[in-house]
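Please read this briefing with the sequence and the model open beside it. It begins with a term and the basis of the values, and then goes through the structure topic by topic.

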Amino acid sequence: MKIKTYFLLLLVVITSFLSQIMFKDVAISLPKTKLSIDSITFLVFHTISNPLFILAFALYGISAILWLLSIKSATLSKAFSMLSLIYVLIVSYSFFVLKEEFTLNKLFSSIFIIIGILIITQNEKLKLWFDNRNK
Amino acid sequence: MFFLILFILLTLVSQVLLKKASIKGAKINNGSYIINMIKNPVVILAYSLSLINIFVWIIVLSKISLLVSFLSTSSLYILILFADYIFFKEQINFVKVIGACLIFFGIILSFI
């Protein structure tokens with residue numbers, strides 16, 4: 001994967017992170033109803049008429065176009081694994097912006113995710129390194 | 001539960017469709033890649049599925065606890081390896097699965 005692709009995927013993650021935060025706010029503001037055809041229609045209109053949803057949706061659109069550009073040169077599994085960086089952003093956001101308390105779980109979650117991404121995206125290099133070691 | 005499985009399936013199907021379209025789109029020489037992609041009916045179908053999926057996800061979040069819904073959807077990071085292998089002949093190996101599992105546990109850890 002080229003450096004440019006990593007950069008594109010990083011932008012995908014940032015834009016979809018911002019839209020996810022907004023979608024979450026939209027979801028919280030939804031009234032609680034039992035599921036039926038009527039209530040689904042109601043929920044959909046309730047959501048569409050929310051300005052925050054429209055803004056979040058625009059950001060989602062930008063991230064979708066960036067995603068199309070990134071999967072042009074990256075394999076699906078590598079590009080998709082990069083998306084999990086969004087959880088690292090969420091954890092950092094909850095710590096630095098929402099001032100939630102620091103826990104070891106949160107630290108290890110980010111470390112695990114980053115190692116996981118490195119294993120998947122650098123798989124060929126890892127394999128080469130192991131093969132050379134075993135010679 | 002139904003909406004949860006629907007969400008996972010729709011995500012996988014739309015990603016596979018997008019990747020299939022991008023392989024085709026990268027081969028076309030006239031016009032820009034993005035314009036070609038946006039005009040492609042497969043891409044429109046894939047993004048319509050994602051659009052439906054936003055509503056499915058909002059329903060999932062309003063019905064199932066955050067932990068359980070993320071626990072199930074994180075399995076996507078493992079499932080996508082198999083989808084990549086089945087549809088695009090991308091090689092899958094034990095180390096990659098370990099990597100995907102690390103991502104899976106990482107996501108779960110951030111919620112506990």
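Contact, as used throughout this briefing, means heavy atoms within 4.5 Å. The model is a predicted one, in which local features need pLDDT of at least 70 and side-chain atom pairs count only at pLDDT 80 or more, while totals for chains, interfaces and linings use all residues. Residues are numbered from 1 along each chain as its sequence is written, chains are lettered from A and ligands numbered from 1 in the order in which they are written, and side-chain values use heavy atoms, with hydrogens and water left out.

**Chain B as a whole**

- Chain B has six helices and zero strands, where helices (H or I, at least four residues) and strands (E, at least two) are DSSP runs numbered from the N terminus.
- Along the sequence, the pattern of chain B reads α-α-α-α-α-α, and its C-alpha atoms fill a box of roughly 50 × 35 × 20 Å, taken along the principal axes.
- Of the 112 residues of chain B, 51% count as buried; buried means under 20% relative accessible area, exposed means over 50%, and partly exposed lies in between, with a 1.4 Å probe and protein chains only.
- When the contacts in chain B between residues at least 6 apart in sequence are considered, 68% of them join residues at least 24 apart.

**Where chain B meets chain A**

- On the two sides of this interface, 46 residues of chain B are in contact with 42 residues of chain A.
- The area buried between chain B and chain A is about 4000 Å², with carbon and sulfur atoms giving 76% of that area; buried area here is the accessible area (1.4 Å probe) that two parts lose on being put together, summed over both.
- Between chain B and chain A there are zero salt bridges, a salt bridge being a side-chain nitrogen of Lys or Arg within 4 Å of a carboxyl oxygen of Asp or Glu.
- The count of residue pairs in polar contact between chain B and chain A, both at pLDDT 80 or more, is eight.
- A polar contact is a pair of N or O atoms within 3.5 Å; within protein, one must be able to donate a hydrogen and the other to accept it, and residues adjacent in sequence count only if both atoms are side-chain atoms.

- Helix α6(B) has 16 residues and reaches 22 Å from its first C-alpha to its last, close to the 22 Å expected at 1.5 Å a residue; the expected span is 1.5 Å times one less than the number of residues.
- The buried residues of α6(B) include B:Lys96, B:Gly99, B:Phe104 and B:Leu109, and what covers the buried residues of this helix includes α4 (76-82), α5 (85-96), α6 (104-121) and α7 (123-134) of chain A together with α4 and α5 of chain B.
- B:Phe70 has its place in helix α4 of chain B and counts as buried at 14% relative accessibility.
- Leaving out residues up to four places away in sequence, B:Phe70 touches A:Tyr87, B:Trp57, B:Ile108 and B:Phe111.

**Salt bridges in the structure**

- Over all chains, the structure holds two salt bridges.
- In one of them, the side chains of A:Lys78 and A:Glu124 meet at 2.8 Å, N to O, and this pair links distant parts of the chain, with A:Lys78 in helix α4 of chain A and A:Glu124 in helix α7 of chain A, 46 residues apart.
- A:Lys78 counts as buried at 8% relative accessibility, whereas A:Glu124 counts as partly exposed at 36%.
- Another salt bridge joins the side chains of A:Glu100 and A:Lys106 at 3.5 Å, N to O; A:Glu100 is partly exposed at 36% relative accessibility, and A:Lys106 is buried at 15%.

**Two buried polar residues of chain A**

- A:Thr5 lies in helix α1 (residues 3-28) of chain A and is buried, with a relative accessible area of 2%.
- The side chain of A:Thr5 makes a polar contact of 3.0 Å with the side chain of A:Ser73, and, not counting residues up to four places away in sequence, A:Thr5 touches A:Ser70, A:Ser73 and A:Ala74.
- A:Asn50 is found in the loop between α2 (37-48) and α3 (51-73) of chain A, and is buried with a relative accessible area of 18%.
- Apart from its neighbours within four places in sequence, A:Asn50 is in contact with A:Val26 and A:Ser29.
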